[in-house]
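Here is a short note to read beside the model. Please keep the structure open as you go through the points.

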Amino acid sequence: MIHFIAENMAPIMFASMILFLILGYPVAFSLAANGLLFFFIGVELAPYSGGEIALSWPLLNAMPERFWGIMSNETLLAVPFFTFMGMILERSGMAEDLLDTVGQLFGPIRGGLAYAVVLVGALLAATTGVVAASVIAMGLISLPIMMRYGYDRRLASGVIAASGTLAQIIPPSLVLIVLADQLGRSVGDMYVGALIPGLVLTGFYMAYIFLTSIFRPDNVPALPLEARTLGHGVTSLLVALIGAAIVAYGAHLWLAPTHGANADILGATVGVTAIYVVAVLDKSLGIGLMSRLAQQVIIVLIPPLALVFLVLGTIFLGVATPTEGGAMGAVGALVLAAAKRRLSFEVIKQALTATTRLSSFVMFILIGARVFSLTFYGVNGHLWVEHLLVSLPGGEIGFLVVVSLLVFLLAFFLDFFELAFIIVPLLAPAAESLGIDLIWFGVLLGINMQTSFMHPPFGFALFYLRSVAARVPYIDKVTGKEIAPVTTGQIYWGAVPFVGIQILMICLAIAFPAMVMHYKGPEINMDNVEIVLPPFGSEGQLGLPGGLGLPPLGTPEDGSAGPAQPPAVPPVDLSQPPSFD
């Protein structure tokens, strides 16, 4: 029996860890306690394992170095920066302004409020990267309005929860940072690879709303005229956008001779800045150049879009690392909050408290995972997992399908941080041995982990929405009618179609890897590459004349021909004792 336990320590340890988590023990302490417990057992059973266990007491001396590696990891600095940025923006009222403005813009069409929720969810994802902030803000603001004007409760709940989870896959996502760190890849590459799948998923959500507006129009009514407080003015907005495009193109032509490839970005910046200044002056001075709708859309949308460019644009252009981009985003969020006069000591205190709590949560899980992995690798658990997964039928595709199903099922019980710190390090070696690009693999896992927020019974996005949705009937302040509450069953059933869309997105990402692999840039044909070396020496000499500007070896400093002769050394008389005068 002892020999059986010793030779199968890895699967026993893995099953024990899953049992600890299912029983509800804190993740960080479950990992650390499990690792230390099996370390002690492994050391005692090592003589009976036939070489399967490579644990000894001196191995514990490596633990401080592993902890220091976590603390000194600069990539993880992006986590508190982006969290702080999201907390500040949540308290700055940006979500309220965006939902109100975009809702008015799309209000005249069926499903307009649902379209607004999806677009604002994507924009909040690109600025905050925090699911809880997005879902709670949209649940507080949009859900009562959607219920007021007759939206189907299941669809309204599903749209809000699904749009909030876009923060998991659209950069700057915290999940992508953690996945890149665990897979040993660049966060910038992970962001670039995840951008197109995130935008495609956003388009799928909008397509679902469009189909609902065609086949079930009563579920997604348009805003009535009395609710369109900004009136009409789409034509004015289009004219303003065309004017901005003309200014941007003119600036591009003017800057192209001096700034080269950066002229297009600088030109776009000039055009956007120009239209923003015009809109602010028009509103403050009452000139009347634009409609109220055009003014509001431009003034509300441009600051968060500028913040997106400040964070993601600098990362994609290679100007800043993700950590530096997060720092700039945090400063930009403070500036936006101050510009709206909503920045106070209390807001900063709340944001710092939430940031510290989340960052500590991540760090403690990482420390626990390091303790667990030290023992798990010592019992050759990584080899057990790799052999188990590599031997699956179907090769690369079979591996991806099985792993996707495994992560999807584990997401019913485990949080995305737990999946990233526990499961991903075990899957990465098998994926790499099969020749799977780890950025592609990471994005697939990110899309899959997004479903952990959505599917019952433990979807956190559903819990966030449940916490702010009405539980009892109430009287609407605008219409004076009694509004029925949103039941938990309606929230759960509303999420089901969007979970199906996310599964479809996983299948498409597996079938069309080019959606992610574009991060590598254009392929280089090595058959046409010609390597030319500069000439080294001439006429058989070993010197470096010509291009490198160095004289041949042995050339005298005065430039005369012939090699320089070393100075003559006088002979030493060994017949006399040495003198030290």
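1. In which loop is Arg-341 found? Arg-341 sits in the loop between α15 (322–339) and α16 (345–378). Helices here are DSSP runs (H or I, at least four residues; strands are E, at least two), numbered from the N terminus.

2. A word on the source. This is a predicted model, where local features need pLDDT of at least 70, side-chain atom pairs count only at pLDDT 80 or more, and totals for chains, interfaces and linings use all residues. Residues are numbered from 1 along each chain as its sequence is written, and side-chain values use heavy atoms, with hydrogens and water left out.

3. Arg-341 is exposed, with a relative accessible area of 80%. Exposed means over 50% relative accessible area, buried under 20%, and partly exposed in between (1.4 Å probe, protein chains only). Arg-341 has a positive phi of about 60 degrees, although it is not a glycine. Most residues other than glycine have a negative phi, and most peptide bonds are trans.

4. Next, a cis bond. The peptide bond from Pro-171 to Pro-172 is cis, with omega near 5 degrees. Pro-172 is in the loop between α9 (153–164) and α10 (174–183).

5. Now the inside. The largest nonpolar core has 156 residues. Such a core is a set of buried Ala, Val, Leu, Ile, Met, Phe, Trp, Tyr and Cys residues joined through side-chain atoms within 4.5 Å. Phe-399, Phe-441 and Met-449 have the most contacts inside the largest core. Helix α19 (residues 416–433) gives the most to this core, with 13 residues.

6. Which ring pair deserves a look? Tyr-205 and Phe-498 have ring centres 5.3 Å apart and planes at 80 degrees, so the pair is edge-to-face. Rings of Phe, Tyr and Trp (its six-membered ring) pair if their centres lie within 6.5 Å; planes under 30 degrees apart count as stacked, over 60 as edge-to-face and the rest as tilted. Tyr-205 lies in helix α11 (residues 187–215) and Phe-498 in helix α22 (residues 488–511), so the pair ties together parts 293 residues apart in sequence. Tyr-205 is buried, at 0% relative accessible area. Phe-498 is buried too, at 1%.

7. Last, a helix pair. Helix α7 (residues 112–127) and α11 pack at an angle of about 175 degrees, with their axes 10 Å apart. Axes are lines fitted to C-alpha atoms, for helices over the stretch in contact, and angles run from 0 to 180 degrees between N-to-C directions.
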